[in-house]
Amino acid sequence: MNKLNKFGILFFAFTLIFAVFAQDSKTPVFQGQTPIREVDTTTKPIENQVRQVFPFEEDGVYFSNDFDGARLNQIEKTGENEYTILITPENAPINMSPWYAFKVWSNKKSEINVRLKYPDFAKHRYSPQISKDGRKWKLLKSKYITQEEKGEGDTIAATRPKRIVMRLKVSQKPLWVSAQELQTSKHVFAWMDKIAKKRNLKITEIGKSKLGRPIKMLTIGKKDSKNMMLVISRQHPPEVTGYLAMQAFVEKIADKSKLSKKFRKDWAIYVIPLMNPDGVDNGHWRHNAGGIDLNRDWTKFNQPEGKLVSEFLKKRQEETGGKFYFGIDFHSTWDDIYYPMGKDQTNSHMPNLVHDWLDKIKEAIPNYEPNIRPTQRLKPAMVSRNYFYFSHKMEAIVYEIGDNTPRKFIKKKGKVAAVELMKIMLARQNAKATSASAKSY
Ligand SMILES: [Zn+2]
């Protein structure tokens with residue numbers, strides 16, 4: 001063994017020891033998603049909630065799950081001024097994202113304790129948001145929350161409690177309690193109408209969900225342009241923070257700034273803000289009305305929602321003779337994280353666009369270290385990003401926002417992401433035009 005090799009091994013050993021210690025002393029971090037396995041995406045039965053008011057007449061206290069986005073499966077009185085709510089998923093196995101939303105009111109002003117209980121395989125995840133009108137939300141202060149059976153471990157998920165008890169102030173006016181801000185199909189479509197009116201954009205329907213809700217699309221930019229990009233969000237119902245980032249991203253592209261106007265002269269941007277309206281309105285944890293994780297169905301297309309998008313992409317390319325250069329899919333998870341394709345995946349219409357873009361985002365936000373995890377696993381290609389890349393040669397990314405990322409920062413990140421993307425795409429396009437005209441000499 002030569003000197004260099006010995007040094008190399010020693011260096012490696014030290015790095016390993018350091019890494020282990022560094023890991024130990026840190027607070028738990030999100031470890032990234034576990035490897036995705038091939039799953040059967042044919043329709044499975046789901047359990048629907050009974051929508052109703054749950055009365056506790058002798059206490060004069062009432063709960064309701066009778067509204068879009070609600071989830072409250074069972075409730076019982078478990079003590080003086082104490083009620084325990086059971087939250088179960090639409091079906092199982094399922095990702096650990098127990099969504100809940102309910103309303104509560106009381107004949108007289110009082111304080112009550114409400115426990116959220118989940119099936120054995122799940123833990124509490126979302127910090128409760130409260131609202132007086134279902135529109136403006138704020139986090140319930142942590143002093144009003146008791147965690148029960150808090151977990152231990154080195155991931156955020158592991159440290160979550162089994163259950164929580166919330167202390168709520170109730171009165172005759174209903175109090176809304178929800179896992180995240182309610183953004184149901186009604187809210188999403190109202191946002192689409194508003195921005196369409198303000199910026200003179202077109203809204204179309206590419207088809208219907210499993211239960212017949214419209215899958216709506218917003219079109220921004222140059223009509224019939226050959227330069228196209230796709231934006232989708234809310235395949236997974238509880239992932240509201242990803243949706244909020246998508247809103248900021250789209251609002252920036254559609255605004256009156258010089259850059260955005262210039263970008264829109266050449267580009268057509270197709271936006272589907274709500275991929276899973278049935279799941280959202282029915283308060284699902286994860287799946288669509290077919291009981292399937294839509295982001296595992298991008299090879300088989302057994303469910304209508306993803307299939308509509310794939311048909312749209314093919315049709316639009318045929319009609320315009322153009323290409324989709326970029327596809328972005330907004331999600332939420334424990335922490336902010338970007339999942340691009342690997343840097344070696346250069347078989348796209350704009351090679352390395354996404355990685356260059358992520359570098360620019362990092363530069364544009366001072367003191368911000370983006371968490372970038374290029375995917376190493378290309379098969380199975382059943383997630384949207386891999387489908388965009390393999391089937392349409394799009395530069396593609398899963399853009400994840402943390403459940404608890406401050407809402408102001410989500411907006412900022414969404415906006416910066418749009419600005420940097422437009423800049424880089426315009427620059428790439430100019431470079432292409434220049435080299436094309438050079439060739440023609
Ligand atoms: Zn997701």
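Predicted model: local features only at pLDDT ≥ 70, side-chain atom pairs only at ≥ 80, totals over all residues.
I started by tracing the strands. I found an open sheet of seven, in the order β12-β13-β15-β14-β16-β18-β17, and the pairing is mixed. I then looked at the edges: β12 (202-208) and β17 (337-340) sit there with a single partner strand each, so one side of each has no neighbour in the sheet. From one strand to the next, the twist averages 20°.

**One pair up close.** I picked β16 (residues 323-333) and β18 (residues 395-402), which run parallel and are joined by eight bridges. Thr333 stands opposite Gly402 in β18.

**Helices on the sheet.** I checked α3 (residues 240-253) next. Helix α3 packs on the sheet and touches β13 (214-221), β14 (227-233), β15 (267-272), β16 and β18. The direction of α3 makes about 140° with that of β16. Then I turned to α7 (residues 353-364), which lies across β16, β17 and β18 and runs at about 35° to β18.

**The zinc site.** Which protein atoms hold the donor positions of the zinc ion? I got His236 (ND1), Glu239 (OE), Glu239 (OE) and His331 (ND1), at 2.1 to 2.5 Å from the ion. Along the chain, the donors follow the spacing H-x2-E-x91-H. I noted that His236 is in the loop between β14 and α3 while His331 is in strand β16, so this pair ties together parts 95 residues apart in sequence. Are His236 and His331 buried or exposed? Both His236 and His331 are buried. Last, I looked at the angles: the four donor atoms subtend 57 to 148° around the zinc ion, so I wrote the arrangement down as irregular.

How values were computed:
Residues numbered from 1 in each chain as written. Heavy atoms only, no water. Pairing = 2+ DSSP bridges. Helix = DSSP H or I, 4+ residues; strand = E, 2+ residues; numbered from the N terminus. Axes fitted to C-alpha atoms, helices over the stretch in contact; angles between N-to-C directions. Contact = heavy atoms within 4.5 Å. Donors = N, O, S within 2.8 Å, 3.2 Å for Na, K, Ca; no water. Tetrahedral: all angles 85-135°; square planar, octahedral: opposite > 155°, others 65-115°. Buried < 20%, exposed > 50% of the residue type's maximum accessible area, 1.4 Å probe, protein only.
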